[in-house]
Structures are given as C-alpha cells and as structure tokens.
Amino acid sequence: MTKVTMTINGKSVAGDVEGNTLLASFLRDDLHLTGTHIGCDTSQCGACVVHVDGRAVKSCTMFATEANGAEVATIEGQAAADGTLNVIQQAFQDHHGLQCGFCTPGMVMSTAALLKDNPKPTVTEVRTYLEGNICRCTGYHNIVKAIMAASGQDVSAIAAE
Amino acid sequence: MYAFDIECPTTIAEAAQALGGENQALSGGQTLIPTLKARLASPEKLVSLTAIAEMKGISSAGGVLSIGGATCHADVAADGSYKALSELAAHIGDPAVRNRGTIGGSVANNDPAACYPAAALASGATIVTNTREIAADDFFLGMFETALEEGEIVTAVKFPIPEKANYQKFVQPASRFALVGVFVAKTTDGVRVAVTGASNEGVHRWTAAEEALNASFAVSALDDLTVSADNLIADLHGSPEYRAHLIKVMTGRAVSAAS
Ligand SMILES: Cc1cc2nc3c(=O)[nH]c(=O)nc-3n(C[C@H](O)[C@H](O)[C@H](O)COP(=O)(O)OP(=O)(O)OC[C@H]3O[C@@H](n4cnc5c(N)ncnc54)[C@H](O)[C@@H]3O)c2cc1C
Ligand code: FES
Ligand code: FES
C-alpha cells in the first residue's frame, strides 16, 4: 500500500492504494465518487474521463499513484453546491444530449476540456474532439448540439439538419 | 492485473537504477496499462518516468528539435516548430490519449501501426537513451522490436527539421491507429520515405520512392512505381494488396502536401 494525497474537486483527500489501483477505481471504490463511469476499461470509450492538473485523461488508464499530489476534477464537481447544473450540463439537458446517461460524465468532462482551450468550436472541431468518447444511445447529434449551445453559439441550423 | 509496486523517481539516474530484472518502465501507460489488464505482462515493479522533469519538454537548437522521452503527444502537437511532426502528434488517438501517451513510450513500443516511428525514421532522427545515441535506421528492428537493451530508457528523440515534410495516415477507424501511414521528409541529404501500419516487419523505408523523389520531388515521380504486397500485413481491415495500394496513394498525398 502507498499513501496518496490529491485535491479532488477542490477538497484535499488522502488514501492508501495498491500499485495497480487505477485512478478510476480509487475515485469510485474508495471515495464513492461513482459519477466517473467505467465503460470499456480499455481506454476506448471515454466514460471515465476526468481532469488531472487541468487535462482530460482516461482515469481507467492511469494509476492512482500517478495522480499523487495532483488536482483532479470529476463530474461531481461540475454542478454548484446547491445542485444547479453548470452551463454544459444544462445544455445537455436542454438539447437531449443524453439518453441512458452512461457516457454523459465523460462527455461533460471532455466538453469542459474542449471549451477551456477552444471556447467557440466549430461542429467539425466538436466531433473531432469527441473521437475518444463513445455514446451508444444518442447518435451524437444532440450531444454536438448541446456543446454548440453551451459555447453560446446558434444551434438553429443544427436543429434543421 | 497482477499485483505490482510503482516507483516514481524524479531523475533519469534513479530510474535507471530501479529498472532491470522484472521491473518495467511506465510512461503514459496508454499501451502498457491495457497490456497489464490483459495479463500479458507481469512486472514486479513499474518505474514511472512521468515525474522526471529532465525527460519532459521540447527544445530546438541548430535546426534540431529535441523532445524529452516523457513528453506527451499533446505537448508535441502544441509546439509547432516542426509542423509535420506536430500535425502527426495532433492526430494520435484522441485528446485524452494525447494528454498521457508519450513519444518515448511510442518509439520504445514500436507498434507496427504507430505514427512516431514513421516520423523518426523518415526524419533521420536520433533516439537518445540513458547510455547512448541510436540512429533511427538502427533503432527500429521489426514489429514491437527495437535496439533497446533491457532496462534502457529512451530519454529524448532528436529530429533534424527537414526542408519539407508531411505525414499522411489512413486511419483504421476503430483503433485510430494507422492502417497505413506514410511520412515523407525532404532533407538536405535527400528524400526519406517511411511507411508504418503496412508491414509484418514494422516501420520501414520505401527506398524506390526515395530514389524517384530525389530525381523529382513531385507526385508524378511515383507513377511508374509499384509496391509489392509480399510480407505486408493481412488482417480483417485490409489485405496485403490493399495496403500495397495505400502505400503509394498515401506517399503521393504526403508529397503534394509537404511544406
Ligand atoms: C485509444 C488509443 C488510440 C491510439 N491511437 C494511436 C495512434 O493513432 N497512433 C499512435 O502512434 N499511437 C496510438 N496510440 C498509442 C499511444 O500513442 C501510446 O501512448 C504509445 O504507443 C505508448 O506510449 P506511452 O507513453 O503510453 O507508453 P507506455 O504504455 O507507458 O509504455 C509502452 C511500452 O514502452 C516502454 N516504455 C515506455 N516509455 C519508455 C522509455 N522512455 N524508454 C524505454 N521504454 C519505455 C514500456 O515499458 C512499455 O513496454 C493509441 C492508444 C490508445 C489507447
Ligand atoms: S472506461 Fe476508460 S475509456 Fe472506457
Ligand atoms: S446516453 Fe447512453 S451511452 Fe450515451
């Protein structure tokens, strides 16, 4: 067991982990932050995306030990303390960017990373950026629409497609 | 996964000390962690390279770009001082993979469909390790095989920046690796063409195309060339003949896009 400490959604946390404990398992099993989903467990689907030191990573493909000392952001930290959804989450709800919701935490975290670097992406840039996030329900169309809306862009043309 | 410990040294010397025997280097983990999950590797200890500051970052001097072995693909993509290389890095996998995966891990792994080996071979790069410097021509020895000794660490890759270069990847859409990828570099010493994704021997040079392009750096110079399908990869994504065809098409595209 190794002791790790990290800041998760602004709060300092500590825990004891095995060498092979994945960051996703540490979040879910030890800290009960089960909003981070494990879909494929093979770094393909993006359901497990969190931010480590401000960068989107697949938490199923990083060890908890490697996040020692890091700032981690997960889906649980996205809404305000009173439960008010952030702009991205609200846009996903408004534009039906989710159905079963399994991929949504990863979609929202990837979107947050995209909009930080590129506040007004084109539709093509959105689709390209989401290459590592798989959704089995929506067909992506409404996800793209939600992201365009979250970035403050007109989505009427997308609606008419 | 089998059980193992992780050590996170902060210098190359400490990492070199910790490697060897049943211990294995861990860089971005984008290849190694899935391998560990599949129980295809059983190291006693992983030695993480990503906390080693002297293995991170990009610097350029005298027309040579030096990239630390633990530099992630996203940082190479953002750099831009060797345009074709940054474009290549920007199209590896997806954003989350690029934020973790590293150039050292990619060349050390030498996946037959990986992108960086093609850039290194075509650019005439030098692979720098903790003990020596190896020319790319002597480094890539075949599918998943390199000149690295046990416990040897790729600390940097040095790329002489060519006059013109371009990488064209025909993407295998499920994995996002190259079904066939071709890197063309026009250097002061001549043209070099490296092909990835296609051969059972891994990354290799297409010397007939190099000769033709040395005579005339134009797509039409390739007109009379044919690529043999012998020893090219056959899998459900493409036959050897299909890959042979793609090699020529992608080379032509890289020549016309080279800048
Ligand atoms: C979904 C997905 C898509 C991908 N798409 C592409 C793609 O399009 N093109 C592409 O080229 N790659 C692709 N990759 C692979 C990716 O680029 C990997 O990051 C890379 O191949 C391995 O780098 P790593 O830093 O993750 O190495 P690791 O997984 O940490 O290590 C890989 C191997 O190299 C050894 N090693 C690592 N670093 C060193 C070092 N410095 N010195 C000596 N040995 C070392 C390790 O011991 C291990 O055996 C993809 C990966 C995923 C998961
Ligand atoms: S669970 Fe991590 S990428 Fe699918
Ligand atoms: S909403 Fe069901 S997987 Fe995306």
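Tutor: A polar contact is a pair of N or O atoms within 3.5 Å; within protein, one atom must be able to donate a hydrogen and the other to accept it, and residues adjacent in sequence count only if both atoms are side-chain atoms. This is a predicted model, where local features need pLDDT of at least 70 and side-chain atom pairs count only at pLDDT 80 or more, while totals for chains, interfaces and linings use all residues. Side-chain values use heavy atoms, without hydrogens and water, residues are numbered from 1 along each chain as its sequence is written, and chains are lettered from A and ligands numbered from 1 in the order in which they are written.

Student: What makes the pair formed by B:Gln30 and ligand 1 a polar contact?
Tutor: A polar backbone atom of B:Gln30 is 2.8 Å from an oxygen atom of ligand 1, and this distance is within the limit, so the pair counts as a polar contact.

Student: Why is the site of ligand 1 called shared?
Tutor: A residue is near the ligand if one of its heavy atoms lies within 4 Å of it, and since residues from chains A and B surround ligand 1, the site is shared between the chains. There are 32 surrounding residues, and B:Ala25, B:Leu32, B:Thr102, B:Cys115 and B:Arg176 are the closest. The largest share of this shell, 5 residues, comes from α6(B).

Student: What makes β1(B) and β3(B) a pair of strands?
Tutor: Strands are DSSP runs of E with at least two residues, helices are runs of H or I with at least four, and both are numbered from the N terminus. Two strands pair if DSSP finds at least two bridges between them; β1(B) and β3(B), residues 45-48, have 3 bridges and run parallel, so they meet this condition. In this pair, B:Ile6 stands opposite B:Leu46.

Student: Why are β1(B) and β2(B) called edge strands?
Tutor: The open sheet has 3 strands in the order β1-β3-β2 of chain B, with parallel pairing, and β1 (5-7) and β2 (23-26) each pair on one side only.

Student: What makes a second sheet in chain B antiparallel, and where are its edges?
Tutor: It is an open sheet of 4 strands in the order β11-β12-β13-β14, and the pairing is antiparallel. β11 (164-171) and β14 (204-205) have a single partner strand each, so one side of each is left without a neighbour in the sheet. With 2 bridges, β13(B), residues 190-196, and β14(B) run antiparallel, and B:Val195 stands opposite B:His204.
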